[in-house]
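The following note sets out some points for discussion on the structure shown here.

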Amino acid sequence: MLTIYFDNRQADPVLSPQVKAMVHQVVEAGLEVLGEEGDLEVSISYVDDEEIRQLNRDYRQVDKVTDVLSFPLFETYPGQPKQLGDIVINIKQCQRQAQEFGHSFERELTYLTAHSLLHLYGYDHIEEEDKAKMRPLEEEILRHYGKKGGSQV
């Protein structure tokens, strides 16, 4: 069973029941693609430009706004769900990127959710070789999400 702890720390009211359900389905699809099973927990926080810039500066020593940050945890305690870690998504950047790429906010949010989940699992895209592994997995997660009944993104 998957439990997601949502935390909306920005002014835009994006945490409608539909958005939560969509994000939950994307994470489930990603975990299936990754072959992850069992009781799992992940937290997803929605923040603004200022907060993600501060987190990026404090934890990565990169003083700029970004779209997502992921903080892997992967802790297990007897009789408790595995804690995957924390995902932080910048809603303003998500909105800007959706507009820039010419698709919906929902499409960008599903992509960023899949993208940040892969970061929790150690995938990266800085080097071309790593990007070549990560990008197909992102698309596979989104296809799997669509096949499971998620809105076509």
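Helices (H or I, at least four residues) and strands (E, at least two) are taken as DSSP runs and numbered from the N terminus. The model under discussion is predicted.

1. Glutamine 61 deserves a check of its backbone. This residue is located in the loop that connects α2 (49-60) with β3 (68-75). Although glutamine 61 is not a glycine, its phi is positive, at about 55 degrees. Because exposed means over 50% relative accessible area, glutamine 61 counts as exposed at 62% relative accessibility.

2. Phenylalanine 74 belongs to strand β3. With a relative accessible area of 31%, phenylalanine 74 is partly exposed, since that class lies between the limits of 20% and 50%.

3. How many bridges join β3 to β4? There are six, and the two strands, the latter spanning residues 82-90, run antiparallel. Within this pairing, proline 72 stands opposite glycine 85 of β4. The strands β3 and β4 form a hairpin, with six residues between them. In the turn, glycine 79 has a positive phi of about 75 degrees.

4. The largest nonpolar core comprises 33 residues. Val27, Val42, Ile44, Ile89 and Leu109 are the members that touch the most others. Two or more residues each come from β1 (2-8), α1 (17-33), β2 (40-47), β4, α3 (91-101), α4 (105-120) and α5 (128-147). Apart from this core lies another, of five residues, including Val47, Ile52, Leu55 and Leu69. As general background, nonpolar side chains in soluble globular proteins tend to be buried together.

5. Which residues does leucine 109 touch, leaving aside those up to four places away in sequence? Its contacts are Val19, Met22, Val23, Tyr46, Ile89 and Cys94. Of these partners, Ile89 is also listed, together with Leu109, among the core residues that touch the most other members.

6. The last point concerns lysine 147, which is found in helix α5. Lysine 147 has a relative accessible area of 71% and is therefore exposed.

Methods: Residues numbered from 1 in each chain as written. Predicted model: local features only at pLDDT ≥ 70, side-chain atom pairs only at ≥ 80, totals over all residues. Heavy atoms only, no water. Buried < 20%, exposed > 50% of the residue type's maximum accessible area, 1.4 Å probe, protein only. Pairing = 2+ DSSP bridges. Core = buried A, V, L, I, M, F, W, Y, C linked by side-chain atoms within 4.5 Å. Contact = heavy atoms within 4.5 Å.
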